[in-house]
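Biologist: I want to learn how to read aromatic contacts, hairpins and surface patches. Can you take me through them on a model?

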Amino acid sequence: MAKQAINFTASEIEALPLPEKGQRLEFYDMKVNHLLVRVSSTGRKTFQVYRWHQGKPSRINIGVWGSGLTVEQVRKEAEKINAQFAVGENPADKLKRQREEMTFAELFDIYLERHAKIKKGTWKEDQRYYERHLVSSIGSKKLSTISRRDIATIHGKIGKNRQVHANRVLTLISSVFGRAIEFGLWEELNPCRGIKKFSEQSRDRFLNGEELSRFFQAVEQELNTTARDFFLVALMTGARRANVLSMRWSDIDLKNATWRI
């Protein structure tokens, strides 16, 4: 394979000759060590850093000419890669780990099955938030590529119109990563750390007649009979939550239909 050094400029790269069909040519940059552009017979020009590390050759792709990359950007990225090699790290190993690690979508499925469906009655709401806001934005991303900035962007975008809704999505993402740490699937910090939620104003909310009817239908259909009975007792008696939770059979007089609190 023929190799030679040139000064990378836009005009020089555009003018590079093409090899014969099935062959490739490599041209090294005269300014940044180990940086080259590989030219195929189809005209594709790929920037790479090629060097040896611990007795083995390593080739890291930077990008393709014509995709919007400038020579300056290519050189800066090559210098970053060389700096990683200088401290004993091989960026190719990191890329390999990223290819092997799970995506946020895969992690969300684990979160849903191992946590939400077991411990949260509102797990379907989590699923709706995920499908509406997270599938297209970070669903296909590898976990290590999801940054705090990515999450802040999602939170801010939703919050332009629905701030409370945005806070719920942020809480969901944080919970997913939190469970990943708990399950031993993620060893880094939670990327949601430091993202400030929008302020929320609490307000009293009363169900109207139509909503009340639907509410009681939902309670009747609740599969968790303990939860169903709790809400019915609380509604029918008006007692405080703590009192209902501490209710015991010894406090109930079924004959006289009384409850001693």
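Modeller: We go feature by feature, and this is a predicted model.

Biologist: How many aromatic pairs does a search of the whole structure find?

Modeller: The search finds nine aromatic pairs.

Biologist: What describes a pair of aromatic rings?

Modeller: Two values do: the distance of the centres and the angle of the planes. Take Phe104 and Phe177. Their ring centres are 5.9 Å apart and their planes meet at 40°, so this pair is tilted. The cut-offs are under 30 degrees for stacked and over 60 for edge-to-face.

Biologist: Where in the chain do Phe104 and Phe177 lie?

Modeller: Phe104 is in helix H4, residues 104–119, and Phe177 is in helix H7, residues 163–182.

Biologist: Which aromatic pair is edge-to-face?

Modeller: Phe230 and Phe231 form one. Their centres are 5.3 Å apart, with 70° between the planes. Phe231 is partly exposed, because its relative accessibility is 43%.

Biologist: Which charged residues sit over rings?

Modeller: Arg114 lies over the face of Phe183, 3.9 Å from the ring centre. Lys117 has its charged end over the ring of Trp123, 4.8 Å from the centre.

Biologist: Is Glu113 buried, partly exposed or exposed?

Modeller: Glu113 has a relative accessible area of 46%, so it counts as partly exposed. Glu113 lies in helix H4.

Biologist: Now strands. What should I keep in mind about side chains in a regular strand?

Modeller: They alternate between the two faces of the sheet. Here, look at strand S4, residues 45–53, and strand S5, residues 56–64. They pair in the antiparallel sense over eight bridges. Gln48 has Asn61 in S5 as its bridge partner.

Biologist: How many residues lie between the strands of this hairpin?

Modeller: Two residues. Gln54 takes a positive phi near 50° in this hairpin.

Biologist: Last, the surface. Which residues form a nonpolar patch?

Modeller: Leu207, Leu212, Phe216, Phe231, Leu235 and Met236 do, with about 570 Å² of accessible area together. Helices H8 (209–220) and H9 (225–237) each give two or more residues to the patch. H9 gives the largest share, three residues.

Biologist: Why does Phe216 count as partly exposed?

Modeller: Because its relative accessible area is 30%. Phe216 lies in helix H8.

Key: Residues are numbered from 1 along each chain as its sequence is written. This is a predicted model: local features need pLDDT of at least 70, side-chain atom pairs count only at pLDDT 80 or more; totals for chains, interfaces and linings use all residues. Side-chain values use heavy atoms; hydrogens and water are left out. Rings of Phe, Tyr and Trp (its six-membered ring) pair if their centres lie within 6.5 Å; planes under 30 degrees apart count as stacked, over 60 as edge-to-face and the rest as tilted. Helices (H or I, at least four residues) and strands (E, at least two) are DSSP runs, numbered from the N terminus. Buried means under 20% relative accessible area, exposed over 50%, partly exposed in between (1.4 Å probe, protein chains only). A charge sits over a ring if NZ of Lys or CZ of Arg is within 6 Å of the ring centre and within 35 degrees of the ring normal. Two strands pair if DSSP finds at least two bridges between them. Patches are made of residues with over 30% relative accessible area and no salt bridge: like charges are joined within 9 Å, nonpolar side chains (Val, Leu, Ile, Met, Phe, Trp, Tyr) within 5 Å. Accessible areas come from the Shrake-Rupley method with a 1.4 Å probe; for residues, only the protein chains shown count as cover. A salt bridge is a side-chain nitrogen of Lys or Arg within 4 Å of a carboxyl oxygen of Asp or Glu.
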